Each structure stands twice: as C-alpha cells, then as structure tokens.
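Hi there,

Here is the structure I promised to pass on to you. Have a look at it, and then read on for my notes.

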Amino acid sequence: MIDLHLHTVFSDGKITEIEKIIQHCEVISITDHNSIQACKYFSDKLEGKKLIVGCEVTVDRAPDYLLYFPNLLFSEELEKEFESIRIAEEGVIKECYKNLGYQQWEKDIEAAFSQNQKVKNARTRDLAAIIHLRNSGLDYDNGKFDFEDLKIARKQRRIYADTVGNPVPEDMAYNIAEKYDGKLVLAHPVHTAMKRCLRDHTTVSTIIEKLNSLLKSFVDKGGKYLEWEYFSEEHMDKYGLTMDDLEQIRGIIKRTAEENNLEYTIGTDSHTLDGYDAALKWLKDNEAIILEKLATWIRN
C-alpha cells in the first residue's frame, strides 16, 4: 500500500513511530507543514521501504499543496525555502498576537506545544487559536485545538490578510516545485472546497460549486496531480454528508481528472496513529479505484 500524506512531530502531528506505518505500506511520504526535516530524521527507520521526500505547503488564503521530490534526498537548501515560509507566517501571527494585547509570545509558544514537538512554528497560522483560548480563559489541553477554535483563529488571519496583505505569495509552491524538480499536487480538494463554504451553508451544491472553481483554477495554472483524499466517519459526520453525497462530489474529481488527463496521489492525512487501522482499510479499497490513474513517479 501507499500513504503519501502523513504529519509528524515536526509539524502539527503526533506521529513518532514510522515503524508502525511501514509495516503495512511499501511507499510513504512524510508531508509536514512547510518542513522536510522529518524526512531526514526518519530516513534510517524505513527498513527498505520507499520514502518520497514531501511537504505540505501551507500558505494563507491559498489552497494547500503537497510537494513531492521523488528524485531528491533531504536537502538543507530546500528546507531553507520552506523555512522562509514558516518565518513569514510566524511574523503574521506575532502581529495578530500583539494586536490582541499579548506580549509573552515565546512563553506561550512553549506552553502550547508538547515537549517532543520538533518544529514549534511549523504551522504558525493555527497558533492564533492559542491566543483565542487564552483570551477566553479556556483550557487548550497542550495545544490540541478543536474545530471552532480554528475558525476563530483563521478569522484573525483573514482580517490581517485583507488589511495588511499576505507575506507569502500563492505561487511560492509552484516556484519551489519548478526549481527543485518537484511534483505539485492539489491537497485534499474536497476538504478545501468545504472550508470555502460559508459557515452553516456547507451543502452538497455549495461544495460542488466551490470544488469546480478550485479545480478550474488549478487546471488553468497547469496543475497535473490531484490527491485522492481520505474521508473518515468523523469527517462525514462533521459535514453532515452521506456516502451518496460523497460519491456525487467525488464524481466531479473523477470527471476533471479524465477531461484534463490528471493523475492521482493518495494519502490519509494522518496526524496520529490512533484510528490508523481504519485508514489502512480505506487505503486498500481506494488504491484499487485509482490504480490506473496513479501518478507514475510514485512507483518508479
């Protein structure tokens, strides 16, 4: 099996035991947010399995992109490219933080992350959730934020982006892919479409509307790869979707791929190994669905 979307303690994930994944998967990619450090850290624990160097590029006000470098080992130069994104993102959060009246940035960052988190600013846009929780006097439970907290955090970011601007251009991911011979993939397109729906208006029709717009923009920019994404029961319940709804929405993905000769990647977007058995079952079933359109560089 193949799992090309995993998050470890080098960003906002908790995965530390890659051994439990490679017991089942022949090919994996660690795709931490704006960092490839985990690819180096776990490289000696692969037991002969294939690791594709990867990263999820998270840029505010833009789709998330998965970047893969099938012909590259860990590169300090490439990591510095992603570090520049992290630093720019952190600058925005610091400004939002300051605007809310907080002055103890470093202290609160340390308090928000567990001690084994390796890169404490890898997904800094979500640190605004910490600010909200502290401002509300709520317990953020060692940095584990719920969905509502993130909505509030991202509202702070939108206000900043609309009034001040975005320090990281959307095309940064495209530029890095071109410079380092990477493969750029539109990450979890259905989830992204859902997040673009207005609050309390996440219906099948609005999801399809947002998805069509997202896919058209990606194709127009020369995109070649889409992620075939994992939907757990938790995801289905959160958005109030049925399996028929999901099949209808996935039909948009399939049609776009066929009409534009796009290929797929596949991954679980796992941040923890809790519930990974269900993810493995999904991988087994869905690899068969997309096998004919699986990106050729994955198995080469």
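This is a predicted model: local features need pLDDT of at least 70, side-chain atom pairs count only at pLDDT 80 or more; totals for chains, interfaces and linings use all residues.

The protein has 13 helices and eight strands. Of its 300 residues, 52% are buried. Counting contacts with a separation of 6 or more, 71% are between residues 24 or more positions apart. The protein exposes about 14,500 Å², and 47% of that is supplied by carbon and sulfur atoms.

Next, helix H12, which covers residues 276-290. The buried residues here are Tyr-276, Ala-279, Leu-280, Trp-282, Leu-283, Asn-286, Glu-287 and Ile-290. What do these buried residues of H12 pack against? Their partners include three strands you can look up in the model: S1 (2-6), S7 (225-229) and S8 (263-267). Helices H1 (19-22), H11 (243-260) and H13 (296-299) are also packed against them.

Finally, take a look at Glu-79, found in helix H3 (residues 76-99). Is Glu-79 buried or exposed? Its relative accessible area is 5%, which is under the 20% cut-off, so Glu-79 counts as buried. The Glu-79 side chain makes a polar contact with the side chain of Ser-35, at 3.3 Å. Setting aside neighbours within four places in sequence, Glu-79 is in contact with Ser-35, Ile-36, Gln-37, Phe-74 and Arg-86.

Enjoy exploring it!

Best wishes

Note on methods:
Residues are numbered from 1 along each chain as its sequence is written. Side-chain values use heavy atoms; hydrogens and water are left out. Helices (H or I, at least four residues) and strands (E, at least two) are DSSP runs, numbered from the N terminus. The expected span of a helix is 1.5 Å times one less than its number of residues. Buried means under 20% relative accessible area, exposed over 50%, partly exposed in between (1.4 Å probe, protein chains only). Contact means heavy atoms within 4.5 Å. Accessible areas come from the Shrake-Rupley method with a 1.4 Å probe; for residues, only the protein chains shown count as cover. A polar contact is a pair of N or O atoms within 3.5 Å; within protein, one must be able to donate a hydrogen and the other to accept it, and residues adjacent in sequence count only if both atoms are side-chain atoms.
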